[in-house]
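Biologist: I'd like to learn how to read a structure like this one. Could you walk me through it, feature by feature?

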Amino acid sequence: MTASTGTSKALTSQVELGELATGQALTAPLFSFKGSDSAAPSVYIQANVHGAEVQGNAVIYQLMTLLESYTILGDIRCLPLANPLGINQKSGEFTLGRFDPITGVNWNREYYEHADIISNIPQWFELNQGLSDAELVAAFRELLTRSCQQRIANSWGVSTGHRLAVTLQSMAHDADIVLDLHTGPKSAKHLYCPEYDVEAAGLFSIPFSLIIPNEFGGAMDEAAFYPWWQLQQYCATQQRHFDVPVAAFTLELASQERIDMADAKEDALGILAYLSHRGVIEEKVLPAEMSRWGCYLKDYKKFHAPKAGLVEYCAEVGKPLAAGEPLVTLLRLDQYGSEQALTSVSLPCDCVPVLHFASASVHQGTELYKVMTNVFEIK
């Protein structure tokens, strides 16, 4: 299908992600737009890897609706509802779906590091150094995709969550741009952006960015860019210089258990602005005018409940909080009549609260807030 202005339509197919205990295939719908320029970057977007993080599905819907009116140059594939097991992991009115119930592992930490490929980059490059840059990229992409397929076909088998994650990862390896859409519990919008691509943080319509090391920590964005970062770094030592061929980001689109279609359209336009900058669509779309702030991941701090109790979350997410201002108030009815019944807690440094725990009833040690410190402006 060749895209043209006003006539771009997604082709729909099904991706098999595993099997249920009763034998039925576990599938998710995949929507694909075929671009008209084979040289334009290709895109893979997924959402809802965590069961309660549903807003990314609304963003994908709005994005696909908008794309019908744009000239699409690069191939775009969208996979909402990427984790049917997590999405259907309900307890009463709440969606659980953050951890694989079989292993307890975070669904977003099941991706494959490709350690063997990375450790063998020097030998692989020696065999392939005669290729052009484009051919080298194509060959390395094929290697990563084949490695995912071999991993799934392991004769010893793989866990349910790992199979799902590596299946998603194999689709991501086919793309030049990878966007993984998430939300927090109660959260401001923020972006995870690798250090090598920090300038991209100004191209999305997102006010806060966490600048992460160019390393693998188990998440999809890292799984997508890390092998390419390693390849690019080694090639540079051999006087072969090129930019990292793959850009990958995690977009945290406010709070979980929430659908807001109007807000989703704004986020879809923000994604279009980035795709426009990269030449995926022909039309010019600009990111929203806003102040943008970032911090390095090492300065992204967690605050844990000093004692159990009932919590009033005093600090608004996305708003600067000065040192000494109230972060939370802890209520302990078992200590009624003493000074310990109601306690105000603050932090010793200036920060920007980014997200907080959803429940007001907490154990001692519960992670209540994540805050940005040593914040800087992103131009």
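Biologist: Let's start with the holes. How many cavities of 30 Å³ or more does the count come to?

Modeller: Bear in mind that this is a predicted model. The count comes to one cavity of 30 Å³ or more. The volume of the largest cavity is about 40 Å³.

Biologist: Which residues line the largest cavity?

Modeller: Its lining is made of F204, S205, I206, L251, L253, D267, G270 and I271. By class, that's five nonpolar, two polar and one charged. Two elements, strand 11 (247-255) and helix 8 (261-278), each supply at least two of the lining residues, and helix 8 gives the most, with three.

Biologist: And the open spaces? How much space lies in the largest pocket?

Modeller: About 1300 Å³. The largest pocket has 38 lining residues, and E53, R98, G184, P185 and Q256 are the ones nearest its centre. The lining divides into 13 nonpolar, 14 polar and eleven charged residues. Several elements supply at least two residues each, among them helix 7, strand 11 and strand 13 (300-304). Strand 7 has the largest share, with three residues.

Biologist: Helix 7 turns up there, so let's look at helices. What's the general idea?

Modeller: In an α-helix there are 3.6 residues a turn, so residues three or four places apart point the same way. Now the case here: helix 7 covers residues 220-237, which makes 18 residues. From first C-alpha to last it reaches 27 Å, close to the 26 Å expected at 1.5 Å a residue.

Biologist: Where in helix 7 does the kink lie?

Modeller: At Y226, shortly before the proline P227, and the kink is about 30 degrees.

Biologist: Why is helix 7 described as largely enclosed by the rest of the structure?

Modeller: Because 13 of its 18 residues are buried. Buried here means under 20% relative accessible area.

Biologist: Last one: how do I read a sheet?

Modeller: Strands of a sheet pair through backbone hydrogen bonds, and they do so either parallel or antiparallel. In this model, four strands make an open sheet in the order 8-17-19-13, with antiparallel pairing. Strand 8 (186-187) and strand 13 are at the edges with a single partner strand each, so one side of each has no neighbour in the sheet.

Biologist: How many bridges join strand 8 to strand 17?

Modeller: Two, and those strands run antiparallel. For K186, the bridge partner in strand 17 is H356.

Technical notes: Residues are numbered from 1 along each chain as its sequence is written. This is a predicted model: local features need pLDDT of at least 70, side-chain atom pairs count only at pLDDT 80 or more; totals for chains, interfaces and linings use all residues. Side-chain values use heavy atoms; hydrogens and water are left out. On a 1 Å grid over the protein atoms alone, a cavity is a set of points where a 1.4 Å probe fits but cannot get out, and a pocket is an open set with protein on both sides within 12 Å along at least five of seven lines; lining residues have an atom within 4 Å of a point. Grid points are joined across faces, edges and corners, and a volume is the space filled by probe spheres set on the points. Ala, Val, Leu, Ile, Met, Phe, Trp, Tyr, Cys and Pro count as nonpolar, Asp, Glu, Lys and Arg as charged, and the others, Gly among them, as polar. The expected span of a helix is 1.5 Å times one less than its number of residues. The bend at a residue is the angle between axes fitted to the seven residues ending there and the seven starting there. Buried means under 20% relative accessible area, exposed over 50%, partly exposed in between (1.4 Å probe, protein chains only). Two strands pair if DSSP finds at least two bridges between them.
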